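User: I would like to go through the terms used for this model. Please set each value against its definition.

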Amino acid sequence: MDTHKVRRSVLLFFMLLFVFIPLMITCSVERNKVQQMIGNNAVYYWKTTWMLSDEERKFLDEHHIRKIYLRYFDVYAEKDNVSALVPTPVPQATIRFKEPVPQDVEIIPTVFIDNNLFRYGHMSDYFQKLVDRILIMSETNDIENVREVQLDCDWTQTTESAYFNFLEDVKSQLTKHKIELSVTIRLHQLRMKAPPVHRGVLMCYNTGALRHYDTGNSILSAADVAPYAAYLKNYKLSLDIAYPTFSWAAWFSHDGHFKALLRDANPADTCLIQVNGNKYRVKYGFYQEGHYLAVDNRVRFEVSDFKEIMLAKKMLEHQPEGFTVIIYHLDSANLSKYTKDELDKIYNVYSDI
């Protein structure tokens with residue numbers, strides 16, 4: 001065989017390797033990105049009745065939702081015994097199922113627990129009741145193959161020990177059923193010790209001081225996220241990240257004292273007059289959601305601003321690996337305020353870093 005032909009063939013072979021190997025690596029990386037973008041999308045469901053609208057079903061399908069963090073119930077101190085030295089934990093606002101849950105989506109039972117229960121008591125007698133109730137609710141409502149349970153609690157340094165002991169007990173019981181335990185993590189908790197669980201969800205919302213009238217937006221401000229972003233690198237727990245898509249109005253007295261959250265208030269209401277930006281003053285007294293808003297009361301309207309979400313994603317998403325993006329929460333009225341492209345961008349891993 002001609003030596004020159006052999007050399008040309010070998011040279012051509014290596015040239016092809018230099019061309020195709022980087023291409024194959026790039027395709028593999030992009031395929032992994034697509035799998036993360038599509039395969040891990042999740043959403044919270046935080047209503048007291050399980051019944052999906054057509055728009056919500058469409059959302060699950062269009063955005064390839066694979067997990068629903070479904071709030072089963074809340075746990076607070078017994079209303080008739082809130083002043084007891086060791087308050088009795090009682091489940092409240094238990095979800096009612098008016099239709100079956102989808103079988104092609106993983107359901108993660110989620111329970112909110114009031115931090116005060118750990119401040120005034122040790123909760124050591126409640127973990128078994130909690131686990132049993134979650135398992136019974138799942139079985140009763142044909143929610144099969146539960147692989148994870150999530151607890152939501154805004155614990156502090158004062159309650160950390162009691163809460164972490166409780167988590168150890170809950171995790172031990174769930175492990176017997178081959179179920180993992182996850183918890184929610186507030187931004188400020190990134191500076192604290194990681195809880196003894198399998199996984200956490202970083203809640204990238206409720207970042208500002210809700211009860212302070214001068215706050216611009218308590219739901220999400222990238223400026224509020226920035227001081228905590230650096231703590232992600234060394235945090236000793238694998239984290240997923242949740243972003244908000246909800247809105248509300250914060251109601252204050254005439255002198256700026258926080259009164260309540262209003263879910264259905266409308267800035268276009270003729271009883272209100274705009275003062276500055278998202279802040280309004282009550283011009284004519286009126287009733288809203290069972291509350292009387294008197295003349296000169298103040299209302300601050302807040303939304304989950306898309307630009308702020310993207311700024312937060314830019315700060316956070318280059319640090320964890322293999323994480324799921326979760327939206328809070330599945331509600332067609334709030335989700336309709338975003339375009340499909342915006343929702344896709346929230347779910348897609350931030351790439352412009």
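User: What makes Ala 223 and Pro 227 of H6 exposed, and which face carries them?

Analyst: This is a predicted model, in which local features need pLDDT of at least 70, side-chain atom pairs count only at pLDDT 80 or more, and totals for chains, interfaces and linings use all residues. Residues are numbered from 1 along each chain as its sequence is written, and side-chain values use heavy atoms, with hydrogens and water left out. Exposed means over 50% relative accessible area, buried under 20%, partly exposed in between (1.4 Å probe, protein chains only). Ala 223 and Pro 227 are exposed, on the face of H6 turned away from its buried side.

User: Why are the buried residues of H6 said to line one face?

Analyst: Ala 222, Val 225, Tyr 228 and Ala 229 are the buried residues in question. Seen down the axis of H6, they fall within an arc of 115°, so they line one face. The arc is taken from the directions from the helix axis to the C-beta atoms.

User: Why does Lys 279 have no salt bridge?

Analyst: A salt bridge needs a side-chain nitrogen of Lys or Arg within 4 Å of a carboxyl oxygen of Asp or Glu. For Lys 279, which is buried, the nearest side chain of opposite charge is Asp 214, 5.9 Å away. No salt bridge is therefore counted by the 4 Å definition.

User: What does the side chain of Lys 279 reach?

Analyst: The backbone oxygen of Thr 215, at 3.4 Å.

Technical notes
Helix = DSSP H or I, 4+ residues; strand = E, 2+ residues; numbered from the N terminus. Lys, Arg positive; Asp, Glu negative; His and termini not counted. Polar contact = N/O pair within 3.5 Å; in protein donor to acceptor, adjacent residues only side chain to side chain.
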